[in-house]
Amino acid sequence: MMLMARTTVDVDVAALAAAQAALGTHGLSATVNTALREVARRSALSDFDVRRDVDGTPGEVESGRKARGGAKAD
């Protein structure tokens with residue numbers, strides 16, 4: 001079950017229309033929720049480096065993230 005909060009916000013209608021076009025969504029709630037999830041996803045991937053995180057050894061992954069100030073590897 002997804003926890004949802006009901007709130008009132010002022011929305012820039014031009015930004016909403018642009019976000020709907022970019023995200024392929026319809027309606028305010030769907031667009032806002034999709035945009036929030038996309039921002040969270042991009043944040044989670046911001047420190048991802050394919051060569052380091054996929055091809056590197058665990059030690060290389062950890063040292064690369066530390067050098068870039070990123071989160072500790074799991």
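Biologist: Where does leucine 36 lie?

Modeller: Leucine 36 lies in helix α2, residues 28-45. Helices here are DSSP runs of H or I with at least four residues, strands are runs of E with at least two, and both are numbered from the N terminus. Please bear in mind that this is a predicted model, where local features need pLDDT of at least 70, side-chain atom pairs count only at pLDDT 80 or more, and totals for chains, interfaces and linings use all residues. Residues are numbered from 1 along each chain as its sequence is written, and side-chain values use heavy atoms, with hydrogens and water left out.

Biologist: Why is leucine 36 called exposed?

Modeller: Its relative accessible area is 55%. Exposed means over 50%, buried under 20%, and partly exposed in between (1.4 Å probe, protein chains only), so leucine 36 counts as exposed.

Biologist: And what makes the nonpolar surface patch?

Modeller: Val9, Val11, Leu28, Val32 and Leu36 make that patch, of about 400 Å². Patch members have over 30% relative accessible area and no salt bridge; like charges are joined within 9 Å, and nonpolar side chains (Val, Leu, Ile, Met, Phe, Trp, Tyr) within 5 Å. The areas come from the Shrake-Rupley method with a 1.4 Å probe, and for residues only the protein chains shown count as cover.

Biologist: What makes the link between the side chains of threonine 25 and threonine 31 a polar contact?

Modeller: The two side chains are joined at 2.7 Å. A polar contact is a pair of N or O atoms within 3.5 Å; within protein, one must be able to donate a hydrogen and the other to accept it, and sequence neighbours count only if both atoms are side-chain atoms. The distance is therefore inside the limit.

Biologist: How do you know that arginine 41 forms a salt bridge with glutamate 38?

Modeller: Their closest N and O atoms are 2.7 Å apart. The rule asks for a side-chain nitrogen of Lys or Arg within 4 Å of a carboxyl oxygen of Asp or Glu, so this pair qualifies. Both residues lie in helix α2, 3 residues apart, about one turn of the helix.

Biologist: What separates glutamate 38 and arginine 42?

Modeller: About one helical turn, because they are 4 residues apart in helix α2. Glutamate 38 forms a salt bridge with arginine 42 as well, again with closest N and O atoms 2.7 Å apart.
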